[in-house]
Amino acid sequence: MDTYYCPHDLSKFAEMGKNRPELWAKYMEYYSAVFADGALTEREKALIALGVAHSVQCPYCIDAYTNACLEKGADLDQMTEAVHVANAIRGGSSLVHGVQMRNIAEKVGM
Amino acid sequence: MPSLLSVRHPLASPTEQLRTLARTGAPAFDAVLESRGVAPLETRAIEVLQVNVGKLCNQTCGHCHVDAGPDRRESMTHETAEQVVELLTRHPIPTLDITGGAPELSPEFRFLVEAGRRLGRRVIDRCNLTVLLLPSQDGLVPFLAEHRVDIVASLPSFRASGTDTQRGEGVFAKSVAALRRLNDAGYGTGRGLVVDLVHNPVGAFLPGTQASLERDYRRELRDRHGVVFDRLLTIANMPISRFLEFLERTANTGRYMDLLLRTFNPAAAAGVMCRTHLSVGWDGALYDCDFNQMLELPVDPGGPATLRALLERGGLSRRVRTDRHCLGCTAGAGSSCGGALE
Ligand code: SF4
Ligand code: SF4
């Protein structure tokens, strides 16, 4: 292996079911239930997943949920907006921690 | 975009299309059936007579399996249309499904609708929606409503970008305007006039879950555009004709065939539409389905090959002719002219 990330590894995800299959089965059952059509449609859930995938910067999830979003009827405008939502929250979460920085600086500064 | 035929594209040839699919290394369809324990496809009682009245169309969509367009001239004659009616008179096939091209542009369209309805059959018009706005088609919507024709209309996305990418600039706005006209005439409003929409993927992937997509379509079309419909049908893109040209141009053919093979669904295979359909070409030739028709794969040579021969000799049951494109009907939830198979 000459790289940590390999696109082919995505299709090997199910290998995580080896050794402790009961944990994998529980996870997959939960996973399928989460993504099933519910109060949100499958397309809406795929768009959330796409945003989260960018937030956690997982190339496997980005690959999987780009395809899932397209299959479930989302288009590039919607997918780009989802990535911007992730980005806004990610940036905002750094920025809002600036308040903590200010609190500390104010406490110890002269 | 012009038709493949008009630019003399090699993929205008059905033989070249089948060769291209074979080159991907995908196994023969019958071999896939056998390896998955599914019996070879035999027909059951014919429930749908699908009549393709010609290849003329006011659009040239990027995924069209017919290679239809404004330049195509193939069109059913009145004599052949009369044979269709004769077949319906002699056999109690419950549904007459009229397709094209834009079937409404055929001079025989109204004759077939009237005859089918007079015989008490369900008549389906596979409509591209925009045709309803053409000045030459004035009076078409009232005609369809008067004869209680079921409309199955293509709308690949509830968003303009997807629909326009696949079907041409401005097609989404026109389709919504046409849908509004249909709603005004009572279609899709629960008064027995049925308009179903068809979603198919805008790219080299399979459609999502039919029921979930239907909810998105229903809400988006109602809230943003004020239009309603009955059911959403999801149909996979077949790897033939213009969609195959797209796959080839974007180096996606191998990937797409792998996807169809990987997601082969034996339950869908048992329910493919050719088992209950008979497809008639504009020239009266018989096929197992509209896809085989476009690939010029006629029905099994043991039986009648044309409407005339069928009327003379009878013989509706047959073994289905298959090839690698059939994987498009059996992938994922399955796909047919009536939408997902499960
Ligand atoms: S897909 Fe339908 S509307 Fe589009 S070109 Fe083909 S026949 Fe015409
Ligand atoms: S392409 Fe036609 S013959 Fe092949 S499985 Fe589909 S409906 Fe049947």
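## Starting with a loop

Helices here are DSSP runs of H or I with at least four residues, strands are E runs of at least two, and both are numbered from the N terminus. With that in hand, Gly101(B) falls in the loop between strand 2 (95–99) and helix 4 (109–118) of chain B. Keep in mind that this is a predicted model.

The peptide bond running from Gly100(B) to Gly101(B) is cis, with omega near 25°. Most peptide bonds are trans. Gly101(B) also turns up among the residues surrounding ligand 1.

## The two ligand sites

Ligand 1 takes up the largest cavity. Besides Gly101(B), its surroundings include Cys57(B), Cys61(B) and Cys64(B), along with His63(B), Arg167(B) and Arg242(B). Gln59(B), Thr60(B), Ala68(B) and Asn128(B) are there too. By class, the shell of ligand 1 has four nonpolar, five polar and two charged residues.

Ligand 2 sits in the second largest cavity. Around ligand 2 you'll find Cys274(B), Cys289(B), Cys326(B) and Cys329(B), plus Met238(B), Met273(B), Val272(B), Val320(B) and Phe291(B). Asn292(B), Arg321(B) and His325(B) are also part of that group. The shell of ligand 2 splits into nine nonpolar, two polar and one charged residue.

## Helix 2 of chain A and its partners

Helix 2 (residues 42–55) of chain A packs against helix 8 (residues 210–225) of chain B at an angle of about 95°, with the axes 8 Å apart. Angles of 65 to 115 degrees count as roughly perpendicular, so helix 2 of chain A is roughly perpendicular to helix 8 of chain B. On the chain A side, Glu42(A), Arg43(A) and Glu44(A) meet Ser212(B), Asp216(B), Arg219(B) and Glu220(B) from helix 8 of chain B. The residues of this contact come out as no nonpolar, one polar and six charged.

Within chain A, helix 1 (residues 21–35) packs with helix 2 at about 115°, the axes lying 9 Å apart. Helix 1 of chain A brings Ala33(A), Val34(A) and Phe35(A), while helix 2 of chain A brings Glu42(A), Lys45(A) and Ala49(A). Here the tally is four nonpolar, no polar and two charged residues. Glu42(A) takes part in this contact and in the one with helix 8 of chain B.

Gln57(A) sits in the loop between helix 2 and helix 3 (59–71) of chain A. Most residues other than glycine have a negative phi.

Conventions:
Residues numbered from 1 in each chain as written. Chains lettered and ligands numbered in written order. Predicted model: local features only at pLDDT ≥ 70, side-chain atom pairs only at ≥ 80, totals over all residues. Heavy atoms only, no water. Near = heavy atom within 4 Å. 1 Å grid on protein atoms, 1.4 Å probe; cavity = no way out; pocket = protein on both sides within 12 Å on 5 of 7 lines; lining within 4 Å. Sits in = over half its atoms within 2 Å of the grid points. Nonpolar A, V, L, I, M, F, W, Y, C, P; charged D, E, K, R; others polar. Axes fitted to C-alpha atoms, helices over the stretch in contact; angles between N-to-C directions. Parallel < 35°, antiparallel > 145°, perpendicular 65-115°, else oblique. Contact = heavy atoms within 4.5 Å.
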